[in-house]
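Please open the sequence and the model side by side. The report below walks through selected features, one region at a time.

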Amino acid sequence: MNPLQTFIKQLKPTRHRKTPNPNLPVSSWSEQDRYHNEIVDAFVLILRTRGCSWMFQSGCSMCGYFNDSMLSKVTSDQLINQYKQAMTRYNNEPIVKIFTSGSFLDANEVPEKVQEYIFSDLTKKTKKIAVESRPEYVTETSMNTIKNQLTKTELDIGIGLETSQDFIRDFAINKGFSFEDYRNAVTLVHNNNFSVKTYILIKPPFLTEKESIEDVKQTIDHVLPCTDQHDILSFNPTSVQKNTLVEYLWRRKQYRPPWLWSIIDMLTYAAKKQKKTRLQCDITGGGKKRGAHNCFTCDSEMLSAIKEFSLTQDPTIFKDVNCDCKNQWKDQLNLESTSFGSLPDVMNP
Amino acid sequence: MNFQCIATDGPSQTGFLQIKNEKVKTPGFLFPAEESYHPPSFAECFISSSTTKKYSPLITVGKNIFFKQNQQDQKTDINNHLVIPDALPESVKDYLQQFDRQQNKNIIMLSSDPTIASQRIKTNESALFIISNATQLFDNPKKFITYIASLREQINYDALLYTPSIATPETLGILTYIGCDLFDVTSAIIAARNQQFFLPQTIIETKKIVENPCHCPVCSQTKKHPSNFSFDQLLHHNYFMLHQELQIVRNAIKNNQLRDLIEQRIRFSPQLVTLLRHLDESEYDYVEKRTPVSMPESYILNATSRESGNRAEIKRFQHRVNSRYQKPKEKKILLLLPCSARKPYSFSKSHQRFQRAISKTKLPGVIHEVIVTSPLGLVPRELELTYPASSYDISVTGKWYEDEKLMIQQQLTTFLSNNTYDAIVSHLPKTLVQQIKTSEKPWHFSLTDNKATSKKSLQSLTAILNQILDRKQDQDYTSPSKSHQKKQQVHEIAAYQFGRTLATTLLKNSIVKGKYPYLKIFNENNQQLGMIPDQRGLISLTAEGGNKISHLSKYTVTIDTGFTVKGSILSPGVITADPSIRRGDDVLVNQGENFLGVGVATMNGSEMKKRSYGEAVNMRHKIKQ
């Protein structure tokens with residue numbers, strides 16, 4: 001481990017102060033999403049696994065999902081109990097998303113028998129399943145196995161690429177895999193007629209606001225050719241999550257979550273470039289100081305425009321939104337790079 | 001890219017930075033080369049992350065390590081850099097530094113970590129250093145001071161420091177004083193966005209302005225209240241305020257007034273006061289080295305604040321009194337006198353009266369006059385001509401503050417442990433004496449009322465001194481001759497100036513003549529060795545004087561043999577220079593092995609070696625070959 005990785009790891013607690021109940025899921029809810037060209041309800045459930053394997057090694061600079069993980073062993077039976085518990089609230093939504101704060105396809109996190117149990121159960125109940133996984137768990141074997149389990153249900157595999165730039169992913173995010181790994185995984189997924197949801201991170205630490213826009217635009221250019229009409233590009237603005245490097249810097253006024261203006265700029269760019277791939281942007285903690293935000297006055301308007309865009313894919317909605325803080329955002333873009341770290345946030349200098 | 005220094009004041013400097021064919025005055029501002037910020041006509045230099053041709057001179061910032069560089073990017077002034085957040089632990093910053101791949105030799109961005117910055121400097125003789133995370137450093141006054149002072153000590157004197165984002169009208173002066181040279185106008189832009197109006201010493205919200213006190217072109221051309229100003233108006237007003245302060249600061253440097261200016265400017269901000277106190281207290285050596293030992297005749301050191309007492313020249317004076325000075329051995333009785341408003345003290349009416357009262361005693365030559373004063377502490381009569389004893393001013397109310405008394409007490413304790421007297425007579429107010437009295441020896445008090453110059457007090461002074469002299473009759477006191485006393489005085493000035501070894505060598509077998517204060521030193525062949533012009537208060541050596549002490553190799557500047565010296569010696573010609581040399585010192589110039597003559601240092605000793613431009617020594621006399 002290099003010293004940055006060691007530091008990222010040190011920021012994490014090794015166990016919880018109060019042990020969560022391993023028989024209960026983290027959370028579950030119903031939300032709107034798109035299924036082909038319809039807007040439908042989707043059921044989301046988050047399993048409390050032992051935690052992401054990469055996180056146990058060192059982990060990503062912005063990711064605080066481990067705060068929801070058990071951080072100790074969770075048995076197969078317990079995971080199945082969690083699933084059953086969550087499914088009591090399932091209301092026949094055509095999409096079911098199962099998140100684990102890690103990789104659903106990682107057998108160390110979700111044992112194969114649990115994966116099989118859930119897939120076999122859901123394939124009877126829903127039209128589409130969405131899970132998330134790091135590319136290393138997307139293998140010929142895993143794809144084949146799943147294909148046999150899912151007889152008629154569509155599967156969407158979310159991969160946190162974050163950026164197409166290996167150096168940024170390595171250095172600023174500490175993601176631990178390459179663009180090449182991602183592309184190979186995408187090919188495997190596509191070969192099995194599954195779809196890919198690519199997560200793109202907006203504003204990793206160490207990058208200025210302007211650089212993060214450039215990074216995302218480059219990434220859009222690089223990722224779109226790898227995707228097809230069933231795939232999704234999901235833009236994830238960094239939020240300040242507990243016990244992360246991002247939080248460490250943010251507490252010391254050396255990191256600011258992205259502006260909503262930047263997100264609108266990126267989405268407008270992506271909308272212009274894409275032909276078939278769906279664009280989506282869920283903003284964790286949007287409009288709050290720990291999440292992507294503008295001046296806190298216009299935030300709710302901007303957030304609903306972004307939400308609207310995710311559903312309609314129509315960027316003209318952004319033409320109607322405005323606020324004086326757009327000038328401050330431009331100041332951020334104009335002045336931050338020539339301040340050499342002195343001006344992480346023009347609103348809070 | 002190079003810098004030409006025109007004037008210095010303490011650690012600050014003003015001059016010209018040459019960028020390609022253009023000259024930029026420093027201290028100065030870099031304006032963003034962006035149309036939307038409407039750079040004003042007085043903008044002297046620009047910075048941009050794009051390569052615009054519209055604004056010049058321009059410093060261009062290229063892509064950092066996260067992005068691929070194209071050919072255009074390679075031509076920028078700064079590129080392939082990595083800004084490492086200041087808050088990260090040392091080990092992480094150390095590790096990340098390897099990813100910084102800056103190539104440009106002229107301009108280098110430095111880590112805000114002092115250790116990492118030091119390593120970088122070792123291999124880079126750059127003309128301009130950009131301090132990363134300047135805001136975060138500046139938030140911690142102690143850290144900021146240590147960083148800038150240690151950086152300045154490592155780099156060339158001609159190298160410039162650029163501290164982005166932290167300059168305001170209020171901070172500009174002290175930042176310059178500390179040793180920063182270039183700033184940006186970010187504060188003006190952000191303030192304008194937030195409806196904030198710059199005033200010389202503060203920033204005020206426009207809606208809180210009752211009357212607009214400003215007459216800058218923006219404010220004088222409109223009747224609008226500042227709260228109704230457009231962004232551009234407010235921005236331009238703020239630009240004007242920054243520029244005005246910049247010009248005030250540049251003037252102050254040339255007139256040796258920057259210290260006085262910043263002592264005013266920092267008053268509204270405890271953080272800035274902390275900054276100055278840390279500078280004075282923790283970085284004394286850094287400031288002292290850059291503080292002249294003599295000043296122009298018209299210069300007055302106004303000690304008007306608590307911080308004035310910490311000025312390097314005051315501490316240096318105290319230090320030299322403690323370490324270089326010794327009372328003449330014939331002086332047996334210590335007489336403590338109050339100071340006078342007029343300087344040198346002996347030119348004042350009150351001191352002339354004291355001296356008359358002393359002259360009426362039986363043995364005036366054994367009485368040692370030492371003046372008690374704030375903020376200097378003790379000034380032996382022999383040193384009254386030297387700076388800053390010769391030219392300071394202070395508010396006098398008759399009341400002494402505790403910290404002044406404590407300082408005087410400490411000075412007195414040290415002084416009495418270095419200099420032994422048979423008796424101590426105090427002609428000071430009793431209230432002061434009670435506090436500062438330290439010696440075991442009985443003190444005598446000559447003040448009959450509270451006025452040191454009253455007839456009664458003066459008579460009492462003569463009487464008490466005579467009583468003591470009577471009691472000490474068996475001690476075989478001898479009053480030295482007038483000319484011997486003059487020689488002793490010159491000896492002590494020389495000791496204060498050059499240290500005791502050089503002083504003794506210089507004065508050996510010499511004669512001092514002249515009417516005080518214009519004392520002249522002659523050798524046994526009646527050749528003049530030096531004199532004391534009253535405006536300097538230090539000995540100005542002749543070539544013979546220099547020759548007499550040059551073999552001791554102190555206060556020596558050795559220059560290259562490759563050129564003929566006329567009026568001045570420029571720093572590139574200096575090969576070695578005694579680091580104890582200060583600006584204003586008399587120095588001995590050797591060309592190669594040979595003593596060449598004497599002159600006045602216009603740089604300090606280390607500066608002579610670490611500046612590429614400018615006069616190092618102003619030659620006064622060359623020895624006849």
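What follows covers cores, sheets, domains and some local backbone features.

This is a predicted model, in which local features need pLDDT of at least 70, side-chain atom pairs count only at pLDDT 80 or more, and totals for chains, interfaces and linings use all residues. Residues are numbered from 1 along each chain as its sequence is written, chains are lettered from A and ligands numbered from 1 in the order in which they are written, and side-chain values use heavy atoms, with hydrogens and water left out.

**Nonpolar cores**

A nonpolar core is a set of buried Ala, Val, Leu, Ile, Met, Phe, Trp, Tyr and Cys residues joined through side-chain atoms within 4.5 Å. Buried means under 20% relative accessible area, exposed means over 50%, and partly exposed lies in between (1.4 Å probe, protein chains only). The largest nonpolar core holds 152 residues. Within this core, I98(A), L105(A), F235(A) and F144(B) touch the most other members. Take I98(A). Leaving aside residues up to four places away in sequence, I98(A) touches L45(A), L47(A), F104(A), I118(A), L122(A), I129(A), A130(A), V131(A) and E132(A). Contact here means heavy atoms within 4.5 Å.

**An open sheet in chain B**

Helices (H or I, at least four residues) and strands (E, at least two) are DSSP runs, numbered from the N terminus. Two strands pair if DSSP finds at least two bridges between them. In chain B, 4 strands form an open sheet in the order 20-21-22-23, with antiparallel pairing. Which strands stand at the edges? They are strand 20 (511–513) and strand 23 (540–541) of chain B. Each has a single partner strand, so one side of each is left without a neighbour in the sheet.

Strand 22 (residues 528–531) of chain B pairs with strand 23 of chain B in the antiparallel sense, over 2 bridges.

**A hairpin in chain B**

Strand 2 (residues 12–19) of chain B and strand 3 (residues 22–26) of chain B pair in the antiparallel sense over 5 bridges. I19(B) stands opposite E22(B) in strand 3 of chain B. The two strands form a hairpin with 2 residues between them. In the turn, K20(B) has a positive phi of about 50°.

**Domains of chain B**

Domain bounds come from an automatic or database domain assignment. For chain B the assignment gives domain 1 (2–280), domain 2 (301–472) and domain 3 (482–622). The C-alpha centres of domain 1 and domain 2 of chain B lie 46 Å apart. Their contact takes 8 residues from domain 1 of chain B and 8 residues from domain 2 of chain B.

Buried area is the accessible area (1.4 Å probe) that two parts lose on being put together, summed over both. Between domain 1 and domain 2 of chain B, this area is about 710 Å². Carbon and sulfur atoms give 36% of it. E263(B), R277(B) and D280(B) supply 52% of the area that domain 1 of chain B buries against domain 2 of chain B, more than any other three residues.

**Backbone exceptions**

Most residues other than glycine have a negative phi, and most peptide bonds are trans. The table lists some exceptions.

| Site | Feature | Value |
|---|---|---|
| S56(B)–P57(B) | cis peptide bond | omega about -5° |
| K343(B)–P344(B) | cis peptide bond | omega about -10° |
| Q313(A) | positive phi | phi near 65° |
| N80(B) | positive phi | phi about 55° |

P57(B) lies in the loop between strand 5 (46–48) and strand 6 (58–60) of chain B. P344(B) is in the loop between strand 14 (333–338) and helix 14 (349–359) of chain B. Q313(A) sits in the loop between helix 11 (299–312) and helix 12 (325–335) of chain A. Q313(A) is buried, with a relative accessible area of 18%. N80(B) lies in the loop between helix 1 (71–74) and helix 2 (90–96) of chain B. N80(B) is buried, at 16% relative accessible area.
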